[in-house]
Amino acid sequence: MNLRAKISAVAHYVPDKILSNFDLEKMVDTSDEWIRSRTGISERRILEDGKATSDMGAEAVKRLCEQRGISPKEIDLIIVGTVTPDMFFPSTGNLIQEKVGAKNAWSYDVAAACSGFLYALASGAQYITSGMHKKVVVVGGDKMSSIVNYQDRNTCVLFGDAAAAVLLEPDEEYGIMDFILHSDGSGAEYLRMKAGGSLYPASLETVTQDWHFLYQDGKQVFKFAVTKMAEVSVKILEKNGFHGDDLALFVPHQANLRIIDAAVKRLGIDYEKVMININKYGNTTAATIPLALSEAYQQGKLEKGDLVLFATFGGGFTWGSSLLRWGMDKP
Ligand code: COA
């Protein structure tokens, strides 16, 4: 018997507070027109002070359990993709476990920047297909506002806060069919948060140099992302004997609309088959794919049996894709 890891529930949480392009015009030298034409973003959500990634993740997991009609006590494992953990340790997975009362679960975090969700999904799927676990929760969540410098127009317009989660359960018919995952550590110089780790622990110097903020060389990241996300999307279809036409939905990482467009062109699929919500949320890092999936599900864009493609890229560099047969009925 060949077991697959099926997504049996999907839910998300976004903070209420909206930071629009017009708000940003008052903070840095930018314009709504520049941001929309270069990125596709109109607004993003910002989590309040005193709340952290685990609060958003816990809310998404509670909604997930309600949707599936299970108690959090039934969860075997929680894996969280994030680069903005509440703290170095305990892991955000541990904190979510406590907040939702998943008393019988173990939990850990995966750090792969924007690819965090796909990496965590690949990990979680292994526990299901091996028969080790029956219910694995995979969360993608980031409070990007905690590491973004709102005086740096190159980055502050791009990111937002959110968390979303999926439940994985074994199934013989529906579920994840394949993954292709990559990393290339030579990308570290182009996208990173330099300080706060063991190399540059917090000091007066790290603070005055702004090393606790996300740094990005946008042009270099763009060049890499535009090629790699398209390449890995096409490759997984070819590997499994499919064409762009066979896809019912493409859920790409939402970092820049122009990067998504490049992948869509390479895949040769219709725009109606692409889930896009970057305009409302910006780049929510590890949350983009499950957030887009959750909205697609709520909007009735997914039918049982649909072929769905995820694709991502991010800091590291990290990138990858996943192909699945959707197994949930419409809500
Ligand atoms: N408002 C107005 N001007 C801005 C700006 C802003 N918010 N941010 C940058 N600029 C300026 C730059 O300073 C530059 O000015 P200069 O030519 O005088 O130096 C000019 O706009 C053009 O910058 P450029 O980098 O060529 O713009 P771009 O078209 O490449 O778009 C990004 C910039 C960041 C949107 C784009 O490079 C990008 O999306 N990169 C990848 C980001 C990404 O996906 N990151 C997440 C990885 S998961």
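This is a predicted model: local features need pLDDT of at least 70, side-chain atom pairs count only at pLDDT 80 or more; totals for chains, interfaces and linings use all residues.
Visitor: Which residues does UniProt place under the feature "active site"?

Guide: Happy to start there! The feature comes from an unreviewed UniProt entry. Its positions are spread over 170 residues of sequence, yet they cluster in space, with a largest C-alpha distance of 8.6 Å.

Visitor: Is cysteine 114 buried or exposed?

Guide: Cysteine 114 sits in the loop between β5 (106-110) and α5 (116-129). Its contacts include His253, Asn283 and Phe313. Buried means under 20% relative accessible area. Cysteine 114 has 10%, so the residue counts as buried.

Visitor: With which side chain does the side chain of histidine 253 make a polar contact?

Guide: Histidine 253 lies in the loop between β11 (249-252) and α9 (257-267). At 1% relative accessibility it is buried, and the residues it touches include Cys114, Asn283 and Thr288. The polar contact, at 2.6 Å, is with the side chain of threonine 288.

Visitor: What is the order of the strands in the open sheet of four strands?

Guide: The edge strands are β8 (175-183) and β11, each pairing on one side only. Strands β12 (residues 307-314) and β13 (residues 318-325) run antiparallel and are joined by eight bridges. Pairing in the sheet is mixed, and the order is β8-β13-β12-β11.

Visitor: Which strands does α9 lie across?

Guide: Helix α9 runs at about 145° to β11. Another helix, α5, lies across β8, β12 and β13. For α9, the strands are β11 and β12.

Methods:
Residues are numbered from 1 along each chain as its sequence is written. Side-chain values use heavy atoms; hydrogens and water are left out. UniProt positions are given in the numbering used here, feature names are shortened, and annotations may be inferred rather than shown by experiment. Helices (H or I, at least four residues) and strands (E, at least two) are DSSP runs, numbered from the N terminus. Buried means under 20% relative accessible area, exposed over 50%, partly exposed in between (1.4 Å probe, protein chains only). Contact means heavy atoms within 4.5 Å. A polar contact is a pair of N or O atoms within 3.5 Å; within protein, one must be able to donate a hydrogen and the other to accept it, and residues adjacent in sequence count only if both atoms are side-chain atoms. Two strands pair if DSSP finds at least two bridges between them. Axes are lines fitted to C-alpha atoms, for helices over the stretch in contact, and angles run from 0 to 180 degrees between N-to-C directions. Lists of a residue's contacts leave out its neighbours within four places in sequence.
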